[in-house]
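Please look over the sequence and the structure before reading on.

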Amino acid sequence: ELPPSHIATQRRLNAEARDYTAKWFRAQGYAVGESQTNFLVVDVRRDVKAFQAACRTQGVLVGRSFPRMATRARISIGTMD
């Protein structure tokens, strides 16, 4: 079992990376759903599959798409790096 201090640290680091990422997308004019998790849902204003492909060319992998949300991407949060 992990010590409570480790869990608290990881939650803080996740929140920092999530908030940083959400702030960046919002500053670029994208709508970002509220999140308390390790991912964001961002309206990328274009077909998600095209967005995924464009990100892949930059070495960034974007999670699965959801058919009912054709312009929304699930952006998983990792480390600040």
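## Salt bridges

A salt bridge is a side-chain nitrogen of Lys or Arg within 4 Å of a carboxyl oxygen of Asp or Glu. By that definition, a search of the whole structure, which is a predicted model, finds four salt bridges. Side chains of opposite charge can pair when their charged atoms come close.

Another links R18 to D19, where the closest N and O atoms are 3.9 Å apart. R18 has 8% relative accessibility and counts as buried, while D19 is partly exposed at 46%. A further bridge brings together the side chains of R26 and E34, at 3.5 Å from N to O. Here R26 is partly exposed, with a relative accessible area of 39%, and E34 is exposed, with 73%.

## Overall layout

The chain has two helices and three strands. Read from the N terminus, the order of these elements is α-β-β-α-β. Along the principal axes, the C-alpha atoms fill a box of roughly 40 × 25 × 20 Å.

Of the 81 residues in the chain, 25% are buried. The chain exposes about 6,100 Å², and carbon and sulfur atoms supply 54% of that area. Among contacts between residues at least 6 apart in sequence, 45% join residues at least 24 apart.

In soluble globular proteins, nonpolar side chains tend to be buried together. The largest nonpolar core in this model has 14 residues, and those with the most contacts inside it are V32, L40, V42, F51, V62, A73 and I75. Helix α1 (4-27), strand β2 (39-43), helix α2 and strand β3 each supply at least two residues of this core.

Which residues does A73 touch, not counting those up to four places away in sequence? They are L40, V41, V42, V44, V48, F51 and V62.

R74 is found in strand β3. This residue is buried yet has no salt bridge, and the nearest side chain of opposite charge, that of D19, is 15 Å away. The side chain of R74 does make a polar contact of 2.9 Å with the side chain of S76.

Apart from residues up to four places away in sequence, R74 touches N38, F39, L40, V62, G63, R64 and F66.

## Two loop residues

R45 lies in the loop between β2 and α2. R45 has a positive phi of about 60°, although it is not a glycine. Is R45 buried or exposed? Its relative accessibility is 51%, and the cut-off for exposed is over 50%, so R45 counts as exposed.

S65 sits in the loop between α2 (48-57) and β3 (72-76). With a relative accessible area of 26%, S65 is partly exposed. Leaving aside neighbours within four places in sequence, S65 is in contact with V48, K49 and Q52. S65 and D43 are 22 residues apart in sequence, and their C-alpha atoms are 12 Å apart in space.

Conventions:
Residues numbered from 1 in each chain as written. Predicted model: local features only at pLDDT ≥ 70, side-chain atom pairs only at ≥ 80, totals over all residues. Heavy atoms only, no water. Helix = DSSP H or I, 4+ residues; strand = E, 2+ residues; numbered from the N terminus. Buried < 20%, exposed > 50% of the residue type's maximum accessible area, 1.4 Å probe, protein only. Contact = heavy atoms within 4.5 Å. Core = buried A, V, L, I, M, F, W, Y, C linked by side-chain atoms within 4.5 Å. Lys, Arg positive; Asp, Glu negative; His and termini not counted. Polar contact = N/O pair within 3.5 Å; in protein donor to acceptor, adjacent residues only side chain to side chain. Areas by Shrake-Rupley, 256 points an atom, 1.4 Å probe, with all protein chains shown as cover.
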